[in-house]
Amino acid sequence: MDIFLQQLLNGLILGCLYALVALGYTMVYGILELINFAHGEVVMVGAMIAVTVLTSVAGSGLPVPLAILIALAAAATVCVLAALLIERVAYRPLRRAPRLAPLITAIGASIVLQNLAMIIWGRQYLAFPAVLELKVYEWMGATVTNVQMLIVVTAASAMAGLLLLVNRTRLGRAMRATAQNQEVAGLMGVDVNRVIAVTFAVGAALAAVAGLLISAYYGIAHYAMGFILGLKAFTAAVLGGIGNIAGAVLGGLLLGVLESLGAGYIGDLTGGFLGSHYQDIFAFFILILVLVFRPSGLLGERTPERA
Amino acid sequence: MHRLASALILAVASMAAIADEVVKIGCVAPLTGPQAHLGKDIENGCRLAVEEINARGPQLGGTPVKFELLAEDDQADPKTATVVGQKLVDSGARGVVGHLNSGASIPASRIYADAGIAQVSPASTAVAYTHQGFKTTYRLMANDSQQGKALGQYAAKIGKRVAVVDDRTAYGQGLIDEVVKAVKAAGAEIVGREFTTDKSTDFTAILTTLKGKRPDVLVFGGMDPQAAPMVRQMGTLGLKAQFLGGDGMQSSEFLKLAGTLAEGVIGSSPGLPIEQMPGGEAFTKRYNERFGKIQIYAPFAYDATQVLIGAMVNAGSADPAKYLPELAKFRMDGVIGPIAFDERGDLKDGPVTLYQVQQGRWVPIETVGGQPGS
């Protein structure tokens with residue numbers, strides 16, 4: 001029982017990371033009804049850029065927080081540019097096309113990004129430079145590190161910032177209007193193209209943050225890390241209710257906890273028949289259950305109205 | 001007209017005579033993916049051997065030949081391994097050096113056995129590879145029953161409570177099965193066994209479960225892209241157990257990925273440390289000039305190629321029917337030490353060395369088996 005708290009904590013940390021990435025999926029789906037498969041790869045790009053920049057800046061004697069901020073700024077810039085480019089080139093021309101076309105284009109964009117990363121950075125794993133001194137704290141029998149606390153704080157503030165943006169600003173109102181009904185919003189004076197571009201940009205910025213945090217937490221980054229992460233984050237978004245921002249957060253946290261507890265206890269639960277290497281299956285098993293029994297997700301979906 | 005015609009015929013005929021017969025040798029390893037650095041290590045070792053042999057102007061049964069290396073990528077995946085194996089057979093390879101992963105070598109070995117060509121693996125250590133009854137499977141590393149025994153006995157020596165993790169591949173699972181046998185035989189207790197995959201990076205769940213069992217030692221059967229984050233996560237979770245791993249972890253890439261947390265980790269590797277290998281120093285110099293840093297397997301791949309081609313030279317032919325019997329009784333003092341095969345194709349008296357990371361470098365601490373005085 002003493003490890004239950006630790007498993008829960010591990011799950012929450014994992015959940016925060018999933019939530020950050022799920023937000024990008026949910027926002028784009030809410031407006032365009034498009035599953036942006038390339039989003040997982042944008043996270044990967046963020047991680048690779050952050051690691052590369054940090055590796056070159058780390059030795060130069062700058063204070064560590066500044067170095068990390070520089071790496072984050074660089075990663076965010078590249079991610080936003082990549083997302084805007086993909087939106088402009090791959091998705092905008094297909095806005096009036098049947099739903100299948102942008103879906104396949106999204107998969108294509110994901111493959112292109114992955115292979116570009118493989119060509120640029122090679123196939124080996126990049127190591128996150130040792131700039132963060134690891135401090136481990138004991139709390140009620142479980143261990144927490146400063147990196148894990150940083151993840152929670154960063155994820156919480158990013159999500160709070162996003163909720164503020166969407167609910168309390170003019171731009172946020174325009175985003176909600178576009179999500180509800182694109183044509184009418186356009187008639188009301190909203191620049192729909194700009195709003196969609198901003199949505200992609202915000203998602204990409206969050207992806208850059210997630211990429212930096214993930215590579216800091218696991219210590220490595222590589223060109224194939226975005227694929228499975230993207231699938232799981234998308235599962236989290238569906239779990240919470242696609243298009244629903246609070247749903248993405250809830251879905252992410254829940255998925256992280258379920259995966260962690262599942263991997264930890266499945267050996268005991270099934271008497272050794274299923275082992276902990278089935279950890280990845282949990283995400284997809286939950287996706288199937290959700291889609292069968294509650295397709296609109298836990299908090300209900302928010303997709304464009306079809307009048 | 002006659003003179004022109006005969007001159008032309010003579011020219012064409014002499015060109016045909018000058019052109020060497022080309023003998024194709026296949027080399028398969030993961031050239032993409034997380035283990036690409038190890039696969040490239042193998043390809044480079046093979047290439048160095050082929051280049052050096054070609055430079056000497058080799059002959060098979062009096063005919064000058066040129067050896068050509070066909071390098072293929074199996075992505076460490078069993079399915080891809082069979083596909084590229086068939087591709088090599090179809091392109092006329094007369095012998096194959098490969099694969100790296102036992103999970104790839106074992107399914108591919110059936111393809112090579114059906115085609116009747118020899119397969120010399122520089123790195124596959126799963127016991128099953130040479131126990132399938134094929135006359136074509138050979139390896140240049142001590143197999144996992146020897147490696148697992150060495151690891152398990154060492155683990156039992158330094159702690160009474162041993163936890164094990166494997167990555168469910170043929171290699172990882174096979175190695176840990178042997179470790180478990182050796183640990184139990186030595187009287188220590190296996191307190192927990194957890195599993196992961198060869199693509200995972202998050203081990204916090206299984207490490208937390210094992211932390212609850214309070215082990216003194218944790219033995220991991222798998223490769224360095226998993227071992228490095230695992231060691232790191234052990235540090236963050238406060239799991240204070242001595243970390244042991246197999247040859248898949250004992251590389252310079254592991255040191256790079258795990259950083260300071262690698263300190264004190266123990267890894268085993270079949271074969272002698274390269275500084276203690278009879279041909280080690282000279283080989284390292286030639287390899288560094290041509291390709292750069294050695295990971296683990298380059299000297300084994302080099303010797304594997306030498307063995308394969310050496311058997312062909314002894315038989316005077318690249319025809320598998322003729323050189324396979326020569327390969328079975330082949331003896332050589334290679335870079336890695338004395339090479340001879342037993343009746344299954346395993347290396348005779350293969351040694352296993354245990355290394356520890358001290359001050360950021362792998363330092364050999366113990367050698368088990370091998371020829372006396374090596």
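Predicted model: local features only at pLDDT ≥ 70, side-chain atom pairs only at ≥ 80, totals over all residues.
Helix H5 and helix H6 of chain B cross in the right-handed sense. H6(B) spans residues 170-185, and its axis comes within 7 Å of the axis of H5(B), at a crossing angle of roughly 45°.

H5(B) brings B:Asp144, B:Ser145, B:Gln147, B:Gly148, B:Lys149, B:Leu151, B:Gly152, B:Gln153, B:Ala155 and B:Ala156. H6(B) answers with B:Gly174, B:Leu175, B:Glu178, B:Val179, B:Lys181, B:Ala182 and B:Val183. Sorted by class, the contact has seven nonpolar, six polar and four charged residues.

Helix H5, residues 144-158, lies across E7, E9, E10, E11, E14 and E15 of chain B. Against E14(B), residues 352-358, the helix runs at about 50°.

Now follow the sheet itself. Seven strands of chain B make up an open sheet, in the order E8-E7-E9-E10-E11-E14-E15. Its pairing is mixed. Strand E8 (189-195) and strand E15 (361-368) of chain B are the edges, and each pairs on one side only. On average, neighbouring strands are turned by 25° against each other, direction ignored. Strands of a sheet pair through backbone hydrogen bonds, either parallel or antiparallel.

One pair shows the parallel case. E7(B), residues 161-166, and E9(B), residues 217-221, run parallel and are joined by five bridges. Within E9(B), B:Gly221 is the residue opposite B:Asp166.

Step back to the whole of chain B. The domain assignment gives domain 1 as 2-142 + 276-340 and domain 2 as 145-270 + 352-368. Their C-alpha centres lie 32 Å apart. How many residues of domain 1 of chain B are in contact with domain 2 of chain B? There are 17, and they meet 17 residues of domain 2. On the domain 1 side, helix H2 (36-55) and helix H4 (102-115) of chain B each supply at least two residues. H4(B) gives the largest share of that side, three residues. By class, the domain 1 side has nine nonpolar, seven polar and one charged residues.

Chain B also touches chain A. The contact takes 26 residues from chain A and 31 residues from chain B. On the chain A side, helix H1 (2-32), strand E3 (142-145) and H10 each give two or more residues. H1(A) provides the largest share, six residues. The chain A side has ten nonpolar, 14 polar and two charged residues.

Start with E3(A). Strand E2(A), residues 136-139, pairs with E3(A) in the antiparallel sense over four bridges. A:Glu138 has A:Thr143 in E3(A) as its bridge partner. Two residues lie between the strands of this hairpin, and A:Met140 takes a positive phi near 55° there.

Then turn to H10(A). Two packed helices are described by the angle between their axes and the distance between the axes. H9(A), residues 225-240, and H10(A), residues 245-269, pack at an angle of about 120°, with their axes 7 Å apart. H9(A) and H10(A) are therefore oblique to each other. Their crossing is right-handed. From H9(A) the contact includes A:Lys232, A:Ala233 and A:Leu239, while A:Gly247, A:Leu250 and A:Leu254 are among those from H10(A). The class count is eight nonpolar, five polar and one charged residues.

The axes of H3(A), residues 64-91, and H8(A), residues 192-218, come within 8 Å and cross at roughly 140°. Is this pair oblique or roughly antiparallel? Only angles over 145 degrees count as roughly antiparallel. H3(A) and H8(A) are therefore oblique to each other. H3(A) passes H8(A) in a right-handed crossing. The H3(A) residues in the contact include A:Ala71, A:Leu72, A:Cys79 and A:Glu87. Those of H8(A) include A:Ile196, A:Phe200, A:Val209 and A:Leu212. Here the classes read 19 nonpolar, two polar and one charged residues.

Note on methods: Residues numbered from 1 in each chain as written. Chains lettered and ligands numbered in written order. Pairing = 2+ DSSP bridges. Axes fitted to C-alpha atoms, helices over the stretch in contact; angles between N-to-C directions. Contact = placed C-beta atoms within 7 Å. Domains from an automatic or database assignment. Nonpolar A, V, L, I, M, F, W, Y, C, P; charged D, E, K, R; others polar. Parallel < 35°, antiparallel > 145°, perpendicular 65-115°, else oblique. Left-handed = near helix turned anticlockwise from the far one by under 90°.
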